[in-house]
Amino acid sequence: MMALMVWYPKCSTCQKAKKKLEELHVSVETRSIVEETPTVEELRAWMNKGGIELKQLYNVSGQLYKEWNMKEKRKQMSEEEQLKLLSENGMLIKRPILVGDNHVLIGYRESAYETFAQEE
C-alpha cells in the first residue's frame, strides 16, 4: 500500500507520525505542506473522503493561526474563502495529513494510524 503524507519535515509530530508508518510497514510518499500546499480541490476531496469538517483542517496551535486571529476571522468567511486561504498558506493547515485509498487522517493519533494501516 502507498499512502500520501502531507507534512512539514521540521515538525516533530510529523516526524513521529512518519516513523510510526514505517513501523507499521506503510509505504508513504511525502509532500511538503509549505512547498506543495494542498489545493482547494484536494482539501475539499479529503474532507469528503475522510468525513472531516472544515474547522478540523486548521492548525489552531500554529503561530500564523494566532497572529491572524483566525479563530474569529474564519467565522466571517465562507467555506470557499477559507479553503482558498488554507490552500495559499500551508502553515495554517493541521498536519500531518495522511491520505490512503479509503481514509484521510488529519493530525497524528497513534491508534488512528494503527487502524489506518490495518484497513488500507
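I started at W46 and asked for its contacts (heavy atoms within 4.5 Å). Leaving aside neighbours within four places in sequence, W46 is in contact with L4, V6, P38, I52, I97, V99 and V104.

A note on the source: this is a predicted model, where local features need pLDDT of at least 70, side-chain atom pairs count only at pLDDT 80 or more, and totals for chains, interfaces and linings use all residues. Residues are numbered from 1 along each chain as its sequence is written, and side-chain values use heavy atoms, with hydrogens and water left out.

Next I looked up the nonpolar cores (sets of buried Ala, Val, Leu, Ile, Met, Phe, Trp, Tyr and Cys residues joined through side-chain atoms within 4.5 Å). Buried here means under 20% relative accessible area, with a 1.4 Å probe and protein chains only. The largest core has 23 residues, and W46, L57, L86 and I97 touch the most other members. I found at least two of its residues in each of β1 (2-7), α2 (40-50), α3 (63-67), α5 (79-88), β3 (97-99) and β4 (104-106); helices (H or I, at least four residues) and strands (E, at least two) are DSSP runs, numbered from the N terminus. The largest share, four residues, comes from α2. Another core of 16 residues lies apart from it, including C14, A17, L98 and Y108.

How many disulfides (cysteine sulfur pairs within 2.5 Å) does the structure hold? I counted zero. C11 is in no disulfide, and its nearest cysteine sulfur, that of C14, is 3.4 Å away. C11 is buried at 13% relative accessible area, and C14 is buried at 0%.

Note on methods. Buried < 20%, exposed > 50% of the residue type's maximum accessible area, 1.4 Å probe, protein only. Disulfide = S-S within 2.5 Å.
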